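User: I'm new to this one and would like to go through it piece by piece. Could you walk me through it?

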Amino acid sequence: MTSPQPLPRRRFLSLGALALGTAALCHPALARARASAADGSGFSLGVLPDTQFYSRYATPDTGNLYRARYGSEPYEEQVRWLIEHREELGIAFVTHLGDVVDQAEVIQEWEVASAAMGLLDRAGLPYSILPGNHDLSEAAPTHFGEFFPASRSACRERYAAPNNECEYHLVRAAGREFLVLALAWRADDAALAWARGVLDAHPRVPTIVTSHEITGIRPHGEIFLTEEYGERLWRDLIAPRDQVFLTLAGHHHGAGYTVRRNDRGNEVIHVLQDYQMAYQGGNGLLGLLHLDLAAGTLSMTALSPWVAAKPAETLTRYDEALLGEPDSWTHPLPPRVASPGSPGPDYAERARSIIAAGYAPAAIDPG
């Protein structure tokens, strides 16, 4: 990676051809207009954790096991649901937490993932995506770079690092600007220097940092920053910069959050969400993160549009469309992010109602 360069406040990429597997270009003006749809006191972020097995077992070589059994695919169903309900749930942005595929060298897996994310491209719903450890290989460029190049980014105002594996986005929501900084798997010194430059160029923009690994989980459920990478990010990037109020990560199997105080004594919320080792490779579970700036709350709702859409006769006791604690939770929003005003719609409750409508858990035989 080259040395970081001074960062402009805005840089618009030219509209080019999308990556393989994407059928149509999005319209960048439409994306910018729709990104501002959540104009009240709050908005939502869609969170896509570790889709690797969804990509792997929806390929032709596997006989598309998901579609063969259920008539649908979890990755595609997740994305379609976020698009369908973007207005009523105030979804301003979608974050992917990495491990897009399971086997980095298998082109068919990338085609599955590219087609799913292509739905967001065509809908003009902006998103961030980053490589996890399963997405990288010795090949140069990697398939991640081939399927998610700069030319695919015109519809989501993406500002990429020199190696195309890290990116940031300026998101307009609830009448304010937020920054989403997405960092590749264990980003190296050059990438972190670039990331510091991004944050230092936007010192007053509330920032969410995403990466494939930041937090881990202990057997009893405690969330912590990993020694391998999370602690380094905290020390070198996050703690000294007060605009970072939230991090999101996957990789380690489980869900929950922890809170730390940065160098100024202010809270930073660290969220873990990863379901890849659950039933059906995660069973289509995703996160809907609701920020209510006026009420001063941050709420995570863990839900599965795919389970809610499965044929009733296929459901088992492992098919849960809505999860409670520790997967779903509410925590006070750090005061430096909150804004005065009247609380807006309860998007978390709306999401639960949407998922629950028409869905009945599998009947369990007491015998």
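User: Where does Asp99 lie?

Analyst: Asp99 lies in the loop between strand β2 (91-96) and helix α5; helices (H or I, at least four residues) and strands (E, at least two) are DSSP runs numbered from the N terminus. This is a predicted model, in which local features need pLDDT of at least 70 and side-chain atom pairs count only at pLDDT 80 or more, while totals for chains, interfaces and linings use all residues. Residues are numbered from 1 along each chain as its sequence is written, and side-chain values use heavy atoms, with hydrogens and water left out.

User: Is Asp99 buried or exposed?

Analyst: Asp99 counts as buried, because its relative accessibility is 1%, and buried here means under 20% relative accessible area, with exposed over 50% and partly exposed in between (1.4 Å probe, protein chains only). The backbone of Asp99 also deserves a look, as its phi is near 55°, a positive value in a residue other than glycine.

User: Why point that out?

Analyst: Because most residues other than glycine have a negative phi, and most peptide bonds are trans. Asn64, which is not a glycine, also has a positive phi, of about 45°; it sits in the loop between α2 (52-56) and α3 (65-70) and counts as buried, with a relative accessibility of 13%.

User: And which peptide bond is cis?

Analyst: The bond from Glu325 to Pro326 is cis, with omega near 5°. Pro326 belongs to the loop between β15 and β16 (329-332).

User: Let's step back then: how many helices and strands are there?

Analyst: The protein has 10 helices and 16 strands, and 56% of its 367 residues count as buried. It exposes about 14,200 Å², of which carbon and sulfur atoms supply 51%; such areas come from the Shrake-Rupley method with a 1.4 Å probe, and for residues only the protein chains shown count as cover. Among contacts with a separation of 6 or more, 73% join residues 24 or more positions apart, where contact means heavy atoms within 4.5 Å.

User: How do α4 and α5 cross?

Analyst: The axes of helix α4 (residues 74-84) and helix α5 (residues 107-123) come within 9 Å and cross at roughly 10°, where axes are lines fitted to C-alpha atoms, for helices over the stretch in contact, and angles run from 0 to 180 degrees between N-to-C directions. That makes α4 roughly parallel to α5, since angles under 35 degrees count as roughly parallel, over 145 as roughly antiparallel, 65 to 115 as roughly perpendicular and the rest as oblique.

User: Which residues make that contact?

Analyst: From α4 the contact uses Tyr75, Glu76, Val79, Arg80 and Ile83, and from α5 it uses Ala113, Ala116, Met117, Leu119, Leu120 and Ala123. These residues divide into 9 nonpolar, no polar and 2 charged, with Ala, Val, Leu, Ile, Met, Phe, Trp, Tyr, Cys and Pro counted as nonpolar, Asp, Glu, Lys and Arg as charged, and the others, Gly among them, as polar.

User: Switching to α8, which of its residues are buried?

Analyst: In helix α8 (residues 230-238), the buried residues are Gly230, Glu231, Leu233, Trp234, Leu237 and Ile238. They pack against β6 (176-183), α7 (189-201), β9 (223-225), β10 (244-249), β11 (254-261) and β12 (267-274). Leu237 has a relative accessible area of 0%, and beyond residues up to four places away in sequence it touches several others, including Leu181, Leu192 and Ala195. Leu237 and Ala195 are 42 residues apart along the chain, yet their C-alpha atoms are separated by 7.8 Å.

User: Last one, what does the side chain of Lys310 make a polar contact with?

Analyst: It pairs with the side chain of Asn283 at 2.8 Å; a polar contact is a pair of N or O atoms within 3.5 Å, and within protein one must be able to donate a hydrogen and the other to accept it, with residues adjacent in sequence counted only if both atoms are side-chain atoms. Lys310 is in the loop between α9 (305-309) and β15 (322-323), whereas Asn283 is in the loop between β12 and β13 (286-292). Lys310 counts as buried at 5% relative accessibility, and Asn283 counts as buried at 3%.
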